[in-house]
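I opened a notebook page for this structure. The entries below follow the order in which I looked things up.

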Amino acid sequence: MEKKDLLYQGKAKKLYQTTEEDVILAEYMDQATALNGQKKDAILGKGAMNNQITSLIFDKLAQSGVPSHFIRKISKTEQLIKKVDIIPLEVVVRNVAAGSFSKRLGIKEGTPLSFPIVEFYFKDDALNDPFINDQQVLVLAIATQAEIEQIKALALKVNEVLKAWFLSLDIQLIDFKIEVGRTKDGSILLADEISPDTCRLWDVHTHAHLDKDIYRRDLGDLVPVYKEVLRRIENNQ
């Protein structure tokens, strides 16, 4: 299989067409961004770590029956994925109050929530990815009611699997963001990535950040933190 034309370049990945029509090659970049791309820096080795972490997480989810676009990792920075049409939603699951949720509702960061909350954000950089509700999703024709329910169920299943798994690594899953896509037959699959870029992860004992908040909040060097997450995951294989 060969890498062909560049299809898309985002904040953290490049997507290439391959010689197989329904297979995309994703290349992870050595770049960190925050604040909707307003903050951006090159960070050597980040792409390889995120590719490895995401690959291992998708493998773990597959073992629990979670359908995704992931096929396999093919190099340090590249993986093969199924071609899907990305639904323009950021799907956020929250277990503990943090970040924008705490600011928006005045809830102290670190406060456990009585049950996991699923939130939708409309993926549109020009609008700064606004929070939207189910009815707005329907009005914008982003997804049907049946698809909304499928997406929520998928997100909660991911949360169930990863929350328990991360806890076994002495990591608390605070919240995370996923994206989903449609296949040609209309099936809904987990897409994009799951990594410290897209999750809030805290050490169970110290509550130290093990995620992109290190970069977002200028708390220190990102690389050792991501290496620690990868080390814990690999030691659990």
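I counted the secondary structure and got six helices and 14 strands, taking helices as DSSP runs of H or I with at least four residues and strands as runs of E with at least two, numbered from the N terminus. The radius of gyration is 17 Å, close to the 18 Å of the globule rule for 237 residues, so the protein is as compact as a globular protein of that length. That radius is taken over C-alpha atoms, and the rule is 2.2 Å times the number of residues to the power 0.38.

I noted the basis: this is a predicted model, where local features need pLDDT of at least 70 and side-chain atom pairs count only at pLDDT 80 or more, while totals for chains, interfaces and linings use all residues. Residues are numbered from 1 along each chain as its sequence is written, and side-chain values use heavy atoms, with hydrogens and water left out.

I looked up burial next: 50% of the 237 residues count as buried, meaning under 20% relative accessible area with a 1.4 Å probe, protein chains only.

I then searched for aromatic pairs (Phe, Tyr or Trp rings, the six-membered one for Trp, with centres within 6.5 Å) and found three. One of them joins phenylalanine 58 and phenylalanine 70, 5.7 Å centre to centre with 15° between the planes, which is stacked (planes under 30 degrees apart). Phenylalanine 58 is in helix H1 (residues 46-63) and phenylalanine 70 in strand E6 (residues 70-73), so the pair ties together parts 12 residues apart in sequence. I checked both phenylalanine 58 and phenylalanine 70, and both are buried.

Methods. Rings of Phe, Tyr and Trp (its six-membered ring) pair if their centres lie within 6.5 Å; planes under 30 degrees apart count as stacked, over 60 as edge-to-face and the rest as tilted.
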